[in-house]
Amino acid sequence: MTAAKTFVLVHGAWHGGWCWSKVATILRGRGHAVVTPTQTGLGERSHLLSKSIDLDVFVTDIANVLKYEDLDDVILVGHSFGGNAISGAADRMRGRIRQLVYLDAVILDNGQSVFGELPPDVVASRTKAAQDTSGGLSIPAPPPSAFGITDEAQARFVQSRFTPHPFATYTSPLRLANRVGNGVPATYIVCTDPIYKPLETSRNWVKAAAWKAIEIKTGHDAMVTAPDRLADLLEAE
């Protein structure tokens, strides 16, 4: 038996805590504690959507979960856009975190924004979509296929739950007082089938930093398409 661990699983853009349901059930069934917070303005908190939601709000969301749930020795996992929030939380609350896991995630240095690190064509298309659909308030979700989801049931599961993503979180900078990770051990998990092209800059950053990197042969939304294999990887951390 593996000793009981505490996981905080942070979702990416357009998702919510709901996307971790299968992984959370598996890990809880193995005796672990699992928390799956939803970032402000998304999922069951989509009624809070506003132009004031920036990366600092997202970081505070997760830092407050650690604080008010009084969580220590946490394995903090960030998927995709959730990489920003876990970097920020580690910067503020290093003492509560034992391990960072970036699951096919964005990695920003201090002062960088997500749009500043994405390919120009992606920035242009998402900016136009935000203007056309909400006057620049939020970015509409792409189809499930953009995340490597091809199974019809899985596609219905995510499509029915996707919510528009706060635009300002893409344009605002991540503020870090320390190096990314703040000295907490970190692992990067690359989803390889298919590879998620918008994250090329982050994957190159991981190589340059010589972080531990492992691969999982599934699409970008590994928590949906390969929950059992992903749970095994997370449990091994």
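Residues are numbered from 1 along each chain as its sequence is written. In this predicted model, local features need pLDDT of at least 70 and side-chain atom pairs count only at pLDDT 80 or more, while totals for chains, interfaces and linings use all residues; side-chain values use heavy atoms, without hydrogens and water.

Helix α1 spans residues 21-29 (helices are DSSP runs of H or I with at least four residues, and strands are runs of E with at least two, numbered from the N terminus). Its buried residues are Val 23, Ala 24, Ile 26 and Leu 27, where buried means under 20% relative accessible area, exposed over 50% and partly exposed in between, with a 1.4 Å probe and protein chains only. An α-helix has 3.6 residues a turn, so residues three or four places apart point the same way. The face turned away from the buried side carries the exposed residues Thr 25 and Gly 29. The cover over the buried residues includes β1 (6-10), β2 (33-35), α9 (222-225) and α10 (227-235). Just after α1, Gly 31 has a positive phi of about 95°.

Val 65 belongs to helix α2 (residues 55-68) and is buried, at 15% relative accessible area. Although Val 65 and Pro 37 are 28 residues apart in sequence, their C-alpha atoms are 7.5 Å apart.

Key. Contact = heavy atoms within 4.5 Å.
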